[in-house]
Amino acid sequence: MKEEKIQFCRGGGCTAKLGAGVLSRILDRLPKGQRDAALLIGYDSKDDAAVYQVTDDLAIVQTLDFFPPMVEDPYLFGQIAAANALSDIYAMGGEVKTALNIVCFPEDMDLNILGEIMRGGYEKVIEAGGTLAGGHSIADDSVKYGLSVMGTVHPKRMYANNQGQPGDRLILTKKLGVGIICTANRIQEASADAMEQAVRSMTTLNRQASEIFRGYDIHACTDVTGFSFLGHLHEMMDHRLSCRVYEDQIPVMEHALEYADEFYLTAAAQKNRNHLEGYVHFAHTPFAMQEVLYDPQTSGGLLASVAKEQADALLSQLIQAGHPAKIVGEVTAKEDIEIYVS
């Protein structure tokens, strides 16, 4: 491979997503058309993937995700991008079946780099138990990669993101802080240990956690990505519920708080903060922790709303399986403050 490496983009990974506020204004203006009764979940619910019922026992889960690189190593970038796209299937409680590559690549760049990106993605699809069935590529002035993924789920066992119930406990399966650490790394201020932890988290599939969830009463589930922990939690509340977040129980990557205090922040996190103004109240949360909670995650963990009486058992099983999971809050009936962090 040549000396040439993938260069950091200004908004690599899920920091490249359009802000939730801008996206909502666009989607709200699109023509809805006649509702297909078989479309169980579409874009209007702000969920992680579309779900289309085929038979009484079978529904198709469909999703799409791609973005610019956030790491220098093309193979690792391919793994991360694929893991991130596959995660939407797991957030719906589904199983991965097929995937298609989505590639934007400069024609004058070393094609060995593209080969390494696709090799990393291919290996994650295999790890997910799926089949890479093809894809599409275009010449572009910068690198972007991801997957369109199809999975399956039983229509009565899928996880929507907005069906939580008062009394539920909120469980998060991965640590937060990926965006902050990658930002610090871009300007060569992140330690090797911090970046290794971030990469390890981003390349870990949510498959096992999703499979563990199937043994419990999961009322709602999402994966934490570009809209941040608080942004995706806001979508889960769906303007009909509220929640309390246990600040001292939030799992955070080593050095993320330190880097936030040094203002190694992303524009995407500030978009998240602005979008959530009026929905979130911090009791005594320091600035650095606030930034972690607004931090866009790439290939983040699953955030589940589970029946209170099952939360401890679920947490124990996740920890035994090696996940840094925590009970991070509880769902309440609707209050004046939607998300109260204390």
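Residues are termed buried when their relative accessible area is under 20%, exposed when it is over 50%, and partly exposed in between (1.4 Å probe, protein chains only). Helices (H or I, at least four residues) and strands (E, at least two) are DSSP runs, numbered from the N terminus. The structure is a predicted model, in which local features need pLDDT of at least 70, side-chain atom pairs count only at pLDDT 80 or more, and totals for chains, interfaces and linings use all residues. Residues are numbered from 1 along each chain as its sequence is written, and side-chain values use heavy atoms, with hydrogens and water left out.

Helix α10 (residues 287-294) is largely enclosed by the rest of the structure, because seven of its eight residues are buried. These buried residues are A288, M289, Q290, E291, V292, L293 and Y294. Their cover, assigned by contact (heavy atoms within 4.5 Å), includes the helices α4 (178-186), α7 (228-237), α8 and α9, together with the strands β10 (280-282) and β13 (339-341).

Most residues other than glycine have a negative phi. D238, by contrast, is partly exposed at 32%.

The loop between α8 (256-261) and α9 (267-275) contains E262, which is partly exposed at 48% relative accessibility.
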